[in-house]
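Have a go at each task before reading on.

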Amino acid sequence: MSGGTKQKLFEATLELSKSRGLVGLTVDDIAAAAGVAKGTVYYNFGSKDGLVDALLRYGVDMLALRLRAAVSDADPLDVIEAQVDTTLEFIAQYPGFSQILVSELWRTPGQWHGTLSLLREEIISIVKQQLSRLESAGRLPEGVEIPTAAAGLFGTMLVVALDWQVFGPQRTRAEVRDAVMVLIRGLGRR
């Protein structure tokens, strides 16, 4: 399947899920919104569950690619700030994705829990790298557990991005990023 078709299906699924959630979607709805034949969805994914699974992977892959692109040799707090900004930019572009991730990640047991667990680990591993750099430089307070801090930062980025889109869309991305960084800078001393 072409990247263009996958992108259309991704965007259609996200748009439709904003009003109905994933459970309320049908393959007919998704195919129609994406402008593809229903058979295209079944041929490439086998079912709606296969489509949603692939699209969750696709979305996290796009976010992970952007987060990795924000990594540099700069100060780890500056890299984290770039990653927070990257996440906010991504969620602003795909607001339905944040809604799906938040609702499905913490729904027990969710239909896509296995897939999302693997994808969560991929994102958290990117965040862990910068926290490990802070720890190596002696800039993390004693007792901070990097896996827990990375999960907390990932959760903060998702929930704050969703909160921004739903309850504070008048705020700029820079304002939201700076508010998150006030919390993070309290964690990593300069």
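**Exercise 1: a polar contact**

The side chains of E81 and R177 make a polar contact at 3.4 Å. (Such a contact is a pair of N or O atoms within 3.5 Å; within protein, one must be able to donate a hydrogen and the other to accept it, and residues adjacent in sequence count only if both atoms are side-chain atoms.) Before going on, some ground rules: this is a predicted model, where local features need pLDDT of at least 70 and side-chain atom pairs count only at pLDDT 80 or more, while totals for chains, interfaces and linings use all residues. Residues are numbered from 1 along each chain as its sequence is written, and side-chain values use heavy atoms, with hydrogens and water left out.

Task: find the element that holds E81, and say whether E81 is buried or exposed.

Solution. 
- Step 1: look in helix 5, residues 76–93; E81 is there. (Helices are DSSP runs of H or I with at least four residues, strands are E runs of at least two, and both are numbered from the N terminus.)
- Step 2: check the accessibility. E81 has a relative accessible area of 19%, so it counts as buried. (Buried means under 20%, exposed over 50%, partly exposed in between, with a 1.4 Å probe and protein chains only.)

**Exercise 2: aromatic rings**

Task: work out how many aromatic pairs there are, and describe the geometry of F10 with Y58.

Solution. 
- Step 1: apply the rule. Rings of Phe, Tyr and Trp (its six-membered ring) pair if their centres lie within 6.5 Å; planes under 30 degrees apart are stacked, over 60 edge-to-face, and the rest tilted. The count comes to 3 aromatic pairs.
- Step 2: take F10 and Y58. Their centres are 5.3 Å apart with 80° between the planes, an edge-to-face pair. This pair links distant parts of the chain, with F10 in helix 1 and Y58 in helix 4, 48 residues apart. Both F10 and Y58 are buried.
- Step 3: now F90 and Y94. Their ring centres lie 5.0 Å apart and the planes meet at 55°, so this pair is tilted. F90 and Y94 are both buried.
- Step 4: F10, Y58, F90 and Y94 make up one aromatic cluster.

**Exercise 3: enclosed space**

Task: say how many cavities of 30 Å³ or more the structure holds, and which residues line the largest cavity.

Solution. 
- Step 1: count them. There are 2 cavities of 30 Å³ or more. (On a 1 Å grid over the protein atoms alone, a cavity is a set of points where a 1.4 Å probe fits but cannot get out; lining residues have an atom within 4 Å of a point. Points are joined across faces, edges and corners, and a volume is the space filled by probe spheres set on them.)
- Step 2: the largest cavity has about 50 Å³ of space. Its lining is F10, T13, L14, L22, V52, L55, L56, F97 and I100. Helix 1 (3–20), helix 4 (48–69) and helix 6 (95–105) each give two or more residues to it.
- Step 3: turn to the second largest cavity, also about 50 Å³. Among the residues lining it are V60, F97, R120 and F154. Helix 7 gives the most to this lining, with 4 residues.

Definitions and conventions. On a 1 Å grid over the protein atoms alone, a cavity is a set of points where a 1.4 Å probe fits but cannot get out, and a pocket is an open set with protein on both sides within 12 Å along at least five of seven lines; lining residues have an atom within 4 Å of a point.
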